[in-house]
Amino acid sequence: MPEVKTIGEAVANMSVHMANLYYYLTKAVIEDFGEESKKSFEKAIIEFGHDRGRNIAVQVKKAGLPLTLENLDKFYDIPIAEGWNLQRKYEDDRKQSITESCTFANVWLEKDWSEVGHIYCLIDIAIREGYSNNVEFQPIKNILKGDPYCESLSIYKDITKKGL
């Protein structure tokens, strides 16, 4: 195993492993149980995202802070900023994110698994739903859909309830 020198390298290495695990698990289940099993993956990813979002919200509240977009990122459960090439821009009621390269997408595209890989992208919507009823994730572009990068907006549904 290669020596890991930074958190970013560790996150990138774990991302490759997780993308491969997702690929092999989904591939085997779809081969054994058919296309209908994709609905189970959607359900599992959404439940997993809701759980992650709720757990992040608990950490933010324990720190005595409001459920803002900035605090979602500050208390995020994995050091994604250290391992992914992403840009974030915060404005009053929204956050724009651009991810120029996605380790998961690279693995799934290489294996011709973008359709099933894209199911995993539901995690982003679900994390925000679990984190706060007032936060919504809006995907705009996605590498797995043929775009050159991923782009999204996270917004407050009601700016008067920012942080709730």
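Me: Let's start with one glycine: where is the place of Gly 53?

Reply: Happy to begin there. This is a predicted model, and in it Gly 53 belongs to helix H2.

Me: Is Gly 53 buried or exposed?

Reply: The idea is to compare the relative accessible area with a cut-off: under 20% counts as buried. Gly 53 has a relative accessible area of 0%, so it is buried.

Me: Which residues does Gly 53 touch, leaving out those up to four places away in sequence?

Reply: Its partners are Ile 127, Gly 130 and Tyr 131.

Me: Now to H7: which residues in H7 are buried?

Reply: They are Ile 123, Ala 126, Ile 127, Arg 128, Gly 130 and Tyr 131. Ile 127, Gly 130 and Tyr 131 are also the contacts of Gly 53.

Me: What do the buried residues of H7 pack against?

Reply: They pack against the helices H2, H3 and H6, and against strands S2 (94-101), S3 (135-141) and S4.

Me: How should I read the largest nonpolar core, and which of its residues touch the most other members?

Reply: Here is the general idea first. In soluble globular proteins, nonpolar side chains tend to be buried together. In this model the largest such core has 34 residues, and Tyr 22, Ile 56, Phe 104, Trp 108, Tyr 120 and Tyr 131 touch the most other members. The elements giving two or more residues to this core are H1, helix H2 (38-62), helix H3 (69-74), H5, helix H6 (114-120), helix H7 (122-131) and strand S4 (150-156).

Me: Let me zoom in on one of them. Which residues is Tyr 22 in contact with, leaving aside neighbours within four places in sequence?

Reply: Tyr 22 contacts Ile 45, Trp 108, Val 116, Gly 117, Ile 119 and Tyr 120. Trp 108 and Tyr 120 are also on the list of core residues that touch the most other members.

Me: Where does Val 107 lie?

Reply: Val 107 is part of helix H5 (residues 103-110). It counts as buried because its relative accessibility is 10%. Beyond four places in sequence, Val 107 touches Val 16, Ala 19 and Asn 20.

Me: What about nonpolar side chains outside? Which residues form a nonpolar patch on the surface?

Reply: Met 14, Met 18, Leu 21 and Leu 25 form one, with about 380 Å² of accessible area together. Met 18 is in helix H1 (residues 7-33), and it is partly exposed at 41% relative accessible area.

Me: Turning to charges, how many salt bridges does the count come to?

Reply: Side chains of opposite charge can pair when their charged atoms come close. Here the count comes to 10 salt bridges.

Me: Which side chains meet in a salt bridge with Asp 73 at 3.5 Å, N to O?

Reply: That is Arg 88, at 3.5 Å between N and O. Arg 88 lies in strand S1 (residues 85-91) and Asp 73 in helix H3, so the pair ties together parts that are 15 residues apart in sequence. Arg 88 is partly exposed, at 31% relative accessible area, whereas Asp 73 counts as buried at 12%.

Asp 73 also forms a salt bridge with Lys 95, where the closest N and O atoms are 3.0 Å apart. This pair links distant parts of the chain, helix H3 and strand S2, 22 residues apart. Lys 95 counts as buried, with 3% relative accessibility.

Me: Which residues are linked in a network of salt bridges?

Reply: Glu 35, Lys 38 and Glu 115 are linked that way. Another salt bridge joins the side chains of Glu 91 and Lys 89, at 3.3 Å from N to O. Glu 91 is partly exposed at 43%, and Lys 89 is partly exposed at 47%.

Me: Last topic: how many disulfides does the count come to?

Reply: The test is whether two cysteine sulfur atoms lie within 2.5 Å. The count comes to zero. For Cys 102, the nearest cysteine sulfur is that of Cys 150, 5.5 Å away. For Cys 121, the nearest is again that of Cys 150, at 6.2 Å. Cys 102 counts as buried at 11% relative accessibility, and Cys 121 is buried at 19%.

Definitions and conventions:
Residues numbered from 1 in each chain as written. Predicted model: local features only at pLDDT ≥ 70, side-chain atom pairs only at ≥ 80, totals over all residues. Heavy atoms only, no water. Patch = residues over 30% accessible without salt bridge, like charges linked within 9 Å, V, L, I, M, F, W, Y side chains within 5 Å. Areas by Shrake-Rupley, 256 points an atom, 1.4 Å probe, with all protein chains shown as cover. Salt bridge = Lys/Arg side-chain N within 4 Å of Asp/Glu carboxyl O. Helix = DSSP H or I, 4+ residues; strand = E, 2+ residues; numbered from the N terminus. Buried < 20%, exposed > 50% of the residue type's maximum accessible area, 1.4 Å probe, protein only. Contact = heavy atoms within 4.5 Å. Core = buried A, V, L, I, M, F, W, Y, C linked by side-chain atoms within 4.5 Å.
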